[in-house]
Amino acid sequence: MSLAPDVPPPPVADGALLKQAMRRLVGGVVIVTAGSGEDRVGLTATSAVSLSVDPPTMLVCVNRASSSWPVIARRQHFCVSILGAGQQSVAERFAGIGGLRGPARYLGADWTTMASGAAGLTQAQAIIDCDLEEVIERHSHAILLGAVREVRLHGEAAGALVYGGGGFIELSPP
């Protein structure tokens with residue numbers, strides 16, 4: 001049985017309970033940035049994955065209520081910086097801990113301008129720069145599909161920064 005396309009299915013569970021469940025899933029931590037100059041924004045996320053390598057495509061989910069969403073939509077680009085061990089302070093800043101917003105979140109770290117114009121964290125494990133190819137709006141979030149323009153790797157793979165159980169966790173390199 002299927003519902004009519006314009007009738008949303010009824011919720012199957014409580015959203016708060018889903019949030020608690022998902023905190024038990026450990027995920028890699030990234031910074032998603034967009035814009036330039038005084039129009040720079042960014043957020044911390046665990047919802048970034050490679051969708052395809054042929055063609056190279058990233059998938060990132062962004063809350064449409066975030067201050068970053070309008071800039072991503074307007075600028076039609078985003079950059080994903082994959083964080084490593086020792087970069088928790090950057091993750092916290094871009095998560096809004098401390099109350100910094102916009103360009104103030106970029107202070108205290110080195111950034112490089114990527115091909116799209118967005119900034120990548122120089123010391124990130126990897127930087128993936130994307131042109132916004134498609135947006136799928138669902139409920140509170142925008143699902144961003146990004147055509148990868150440029151990838152930069154920083155040295156050898158090192159320890160990772162992950163998020164799980166409601167907090168950041170540093171993992172040692174394999």
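Trainee: Leaving aside neighbours within four places in sequence, which residues is phenylalanine 78 in contact with?

Mentor: Bear in mind that this is a predicted model. With those neighbours left out, phenylalanine 78 contacts Val32, Thr33, Met58, Val60, Ile128, Asp129, Cys130, Leu132, Leu144, Leu145 and Gly146.

Trainee: And which residues touch the most other members of the largest nonpolar core?

Mentor: Phe78 is one of them, along with Val32, Val60, Ile72, Val80 and Leu144, in a core of 20 residues. The elements that supply two or more residues to this core are β2 (30-34), β3, β5, α2 (68-75), β6 (77-82), β9 (126-138) and β10 (141-153).

Trainee: What about a second core, who's in there?

Mentor: That one is separate and has 16 residues, including Val29, Cys79, Phe94 and Trp111.

Trainee: How do the lining residues divide into nonpolar, polar and charged?

Mentor: You get 14 nonpolar, 12 polar and three charged.

Trainee: OK, strands next. What's the order in the open sheet of three strands?

Mentor: β1-β11-β12, with antiparallel pairing. The edges are β1 (27-28) and β12, each of which pairs on one side only.

Trainee: How many bridges are there between β11 and β12?

Mentor: Five, linking residues 160-164 of β11 with residues 167-171 of β12 in the antiparallel sense. Valine 162 has isoleucine 169 as its bridge partner in β12, and alanine 160 sits opposite leucine 171.

Trainee: And what's in the turn of that hairpin?

Mentor: Two residues separate the strands, and glycine 165 in the turn has a positive phi of about 65 degrees.

Trainee: Last one: where is arginine 101, and is it buried or exposed?

Mentor: Arginine 101 lies in the loop between α3 (88-94) and β7 (111-113). Its relative accessibility is 53%, so arginine 101 counts as exposed, the cut-off being over 50%.

Trainee: How far apart are arginine 101 and serine 68?

Mentor: In sequence they are 33 residues apart, and in space 9.7 Å, C-alpha to C-alpha.

How values were computed:
Residues numbered from 1 in each chain as written. Predicted model: local features only at pLDDT ≥ 70, side-chain atom pairs only at ≥ 80, totals over all residues. Heavy atoms only, no water. Pairing = 2+ DSSP bridges. Helix = DSSP H or I, 4+ residues; strand = E, 2+ residues; numbered from the N terminus. Nonpolar A, V, L, I, M, F, W, Y, C, P; charged D, E, K, R; others polar. Buried < 20%, exposed > 50% of the residue type's maximum accessible area, 1.4 Å probe, protein only. Core = buried A, V, L, I, M, F, W, Y, C linked by side-chain atoms within 4.5 Å. Contact = heavy atoms within 4.5 Å.
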